[in-house]
Amino acid sequence: PGSYTVAASKTHYTFAPTSKTFNGLDDDVVSDFAATLNRHKVSGRATRPDGSAIVGATVALSGSQTATTTTDSGGNYSFTNLAAGGSYTVKPSPANYTFAPTSQTFNDLGADQSAAFTGTLNTFAIVGRVSDAGGRALAGVTLSLAGAQTSSATTDAAGNYSFQNLPAGANYTVKASRANYTFAPTSQSFNNLTSGQTANFNGTLVSYRVSGRVTEGTSALVGVTVAVSGSQTATATTDAAGNYSFMLPAEGSYVLTPSKVGYTFTPQNLSFNNLSADKSADFAAAPVPTPTPTPTPSPTPTPTPSPTPSPTPSLSPSPTPTPSPTPVVFTIIGKVTESGQGLSGVTVTLSGGGATATALTDASGNYSFAGVPAGASVALAASKTNYTFAPPSLSFNNIASNQTANFAATLQAVVAFNSSALSVGEGDGQLRVTLTRVGDTSSAVTVIYSAQSGTAKRGSDFVASTGQIIFAPGETTKTFDVFITDDSFVEGPEQFTITLAAQAPAVVGAGATATVTINDNDTLLVAPNPIDDPAFFVREHYRDFFSREPDDAGLQFWTNQITSCGSDAACREAKRVNVSAAFFLSIEFQNTGYFVYRVYEAAYARQPRRVEEFLLDSRIIGDGFVVGADGWEQKLEANKGAFAAAFVRRDAFAAKYPTSLTPAQFVAALNANTGGSLSVAEAAAASAEFGGASDTRDPAARARALRLVVENRAFYERETNRAFVLMQYFGYLRRNPDDAPDADMTGYNFWLTKLDSFGGNFVNAEMVKAFLSSSEYRTRFGN
């Protein structure tokens, strides 16, 4: 018989008894053990980088067992009674912190473990833009940050500001302020900041009251016309108490000039520069003195001769005639001012009684008309090139005294063609047209140009026929290009015209129309059609779809796509179709022409018309934008933003969407036009652009909400085929689908149905191929 010890073991278990010993074993025995699974804990501490405790952080346990706990006042946490052998991951929740490590895992737990975490408090930014009622940037606005942190920022030239590195989880309020402005909303608050936020504000320039009283001696003088000139023009008439008033926008400069027949005024005018408060402007009136007529001398009586004794009768003497009285005449004087200063060289015309006279203002702006007969009725008007005048004219009826007639002048911005007769060779490829601005050059002005067919036809003889030109402050010269098609027709000289339309405050001068002559360069009656040349074909696509000349790299790339086929006619035809379709599908067109298409569909539930809407607006968005050029993404975004801001201010849009609509109503109306493309969340996001306002008067928010609708992906995909077909007409045929030779939308609907039936596959639908080979397209360039 021997001695034996039996012990049980298994990883992660404890056994009782730990072992049994049998001495002198001489028979079978039973040795039982009770096993207990070991239990362990995972504990640790959450601290900041400086070692201070993070209290109340949630720590989650996952894996073989799940649980959550929170750190105590010392930042400590613990998970106990964890079954040995399990796998466990401990992870602190962000709770506005970023933790390092983000989690810790313990596989095959065999002992108590420690898992410490260091949490760094997250920081975020609050950024935004401040704009005026027209969506233009407001610089110099002070943004005040209050709450867990206080700070201030000032908007830059683009109206932007930012508050960086704001600790998460805290509450903040941003408020905008600038002298002479009110802001909507008045402030924006962000509680428990958990992400970057945007706070935009719309500033409205306040108006101040400029008022006064006109008196004659101590009495009120009624019926005096007080004219305002300068940043704004207006007139008011004094009431029975001699009072008048104007509400004028702040920060403007104004000149007030009183006038009334038969009176002079002290002072002659009053000026207010950079208006920043209510102002009072009183005037004292005095009657113009009536000149005393020169008395007519009584005739001296002729003595009667004494009778003589002569019987011869004497003749009676002839009576002496009474001299005619001297006519009574008066003088009309006045002064013409610009911003309170005398303006020379103004022609003042006096008319009445079938006669006219003119006077020219001197270096101080003064003029006069002498010898105006008493009882006459006359009118005076001031004129000078590039100026308007307030009042436009003054009348005096039945003049009985000297009169004063003052005018206030305002310089205009006048835009015109540098030359009204232009010529270009057909082979030159393009005509560069120069515009000039004279008069007021202090502010930006916008001009729209549009070319009309004559003997030269738009779309065939010339393209890129409409566009927008913006003169920046100080600019006096701008140019634009009209593309000339070097076709193969023998035509002789042909002409078309270009007209200008200026947007206020600019006006179009005498040179509002230019006539262009295209001098033909063709002599062969039968010549190849240039559209069959690959480089010509590609160049025309840049002009037709992008409204610009090709960049060298793009021209070479797309031309090589066709010429790589060599003499393989089938290959070249297929490549021409693919190259052509690529222009519609390109990033450039999708973000210009197709963007404009979707704007009109979203706003008005209709497609744009080609010339007056699509071509102009596409060129506005595409101005200066070439994919791949330095900064092209930023340029595109700026163009889109400016276009949307201007679009929502157009009269048609404002009439369709009154500002009394709530944000939800505004977005719902746009969404209905898209066929309900927006999801509930997307519609809510668009409505949120108004920052909780009860109406939609904020034009910047209107523009942002419109863009969210227009750039919705579901809407984008819904309209792709419809736009693709429309661009066959706009791009290749240079007309609307229902223009001659079509009379309705039958042709358009045919191709849309066919494209839809092929799932948008333009190759299988043979749509692009059909338009490229159509006689209407090919005869734009040759036979």
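**Cavities, strands and a disulfide**

Mentor: Let us begin with the largest cavity of this predicted model, whose lining residues divide into 6 nonpolar, 4 polar and no charged. Its volume is about 50 Å³.

Trainee: Which strand gives the most to the lining of the largest cavity?

Mentor: The lining of the largest cavity includes Thr225, Ala227, Thr257, Pro258 and Ser259. At least two lining residues come from each of β25 (225-230), β28 (254-259) and β42 (407-411). The strand that gives the most, with 3 residues, is β28.

Trainee: Which helix gives the most to the lining of the second largest cavity?

Mentor: The second largest cavity holds about 30 Å³ of space, and its lining is made up of Asp544, Phe545, Phe589, Phe614, Met727, Phe730 and Gly731. By class, these lining residues divide into 5 nonpolar, 1 polar and 1 charged. Both α1 (534-546) and α12 (713-733) supply at least two of the lining residues, and the one that gives the most, with 3 residues, is α12.

Trainee: Turning to the second largest pocket, how many of its lining residues are charged?

Mentor: The second largest pocket contains about 440 Å³ of space, and among its 24 lining residues the closest to the centre are Pro185, Glu689, Phe690, Gly691 and Asp698. Helix α11 (699-710) is one of the elements that each supply at least two lining residues, and α11 gives the most, with 4 residues. By class the lining has 11 nonpolar residues and 8 polar ones, while the number of charged residues is 5.

Trainee: In the open sheet of 5 strands, which are the edge strands?

Mentor: The order of the strands in this open sheet is β47-β49-β45-β43-β51, with mixed pairing. Strand β43 (residues 413-417) runs parallel to β51, and 3 bridges join them, with valine 415 standing opposite valine 508 in β51. The strands that pair on one side only, and are therefore the edge strands by the meaning of pairing used here, are β47 (462-463) and β51 (506-508).

Trainee: Which residue in β9 is the bridge partner of glycine 63?

Mentor: Strand β6 (residues 58-63) pairs with β7 (residues 67-70) in the antiparallel sense over 4 bridges, and a hairpin of 3 residues joins β6 to β7. Strand β6 also pairs in the antiparallel sense with β9 (residues 88-92), over 5 bridges. Within β9, the bridge partner of glycine 63 is tyrosine 88.

Trainee: Is cysteine 565 buried or exposed?

Mentor: A search of the whole structure finds 1 disulfide, formed by cysteine 565 and cysteine 571 with their sulfur atoms 1.9 Å apart. The link is left-handed, with -55° about the S-S bond. Cysteine 571 is partly exposed, with a relative accessible area of 24%. Because the relative accessibility of cysteine 565 is 11%, and the cut-off for buried is under 20%, cysteine 565 counts as buried.

Trainee: What is the relative accessible area of serine 465?

Mentor: Serine 465 lies in the loop between β47 and β48 (466-471). Leaving aside residues up to four places away in sequence, serine 465 touches Tyr449, Ser450, Ala451 and Arg458. Serine 465 is buried, and its relative accessible area is 2%.

Methods
Residues are numbered from 1 along each chain as its sequence is written. This is a predicted model: local features need pLDDT of at least 70, side-chain atom pairs count only at pLDDT 80 or more; totals for chains, interfaces and linings use all residues. Side-chain values use heavy atoms; hydrogens and water are left out. On a 1 Å grid over the protein atoms alone, a cavity is a set of points where a 1.4 Å probe fits but cannot get out, and a pocket is an open set with protein on both sides within 12 Å along at least five of seven lines; lining residues have an atom within 4 Å of a point. Grid points are joined across faces, edges and corners, and a volume is the space filled by probe spheres set on the points. Ala, Val, Leu, Ile, Met, Phe, Trp, Tyr, Cys and Pro count as nonpolar, Asp, Glu, Lys and Arg as charged, and the others, Gly among them, as polar. Two strands pair if DSSP finds at least two bridges between them. A disulfide is a pair of cysteine sulfur atoms within 2.5 Å. Buried means under 20% relative accessible area, exposed over 50%, partly exposed in between (1.4 Å probe, protein chains only). Contact means heavy atoms within 4.5 Å.
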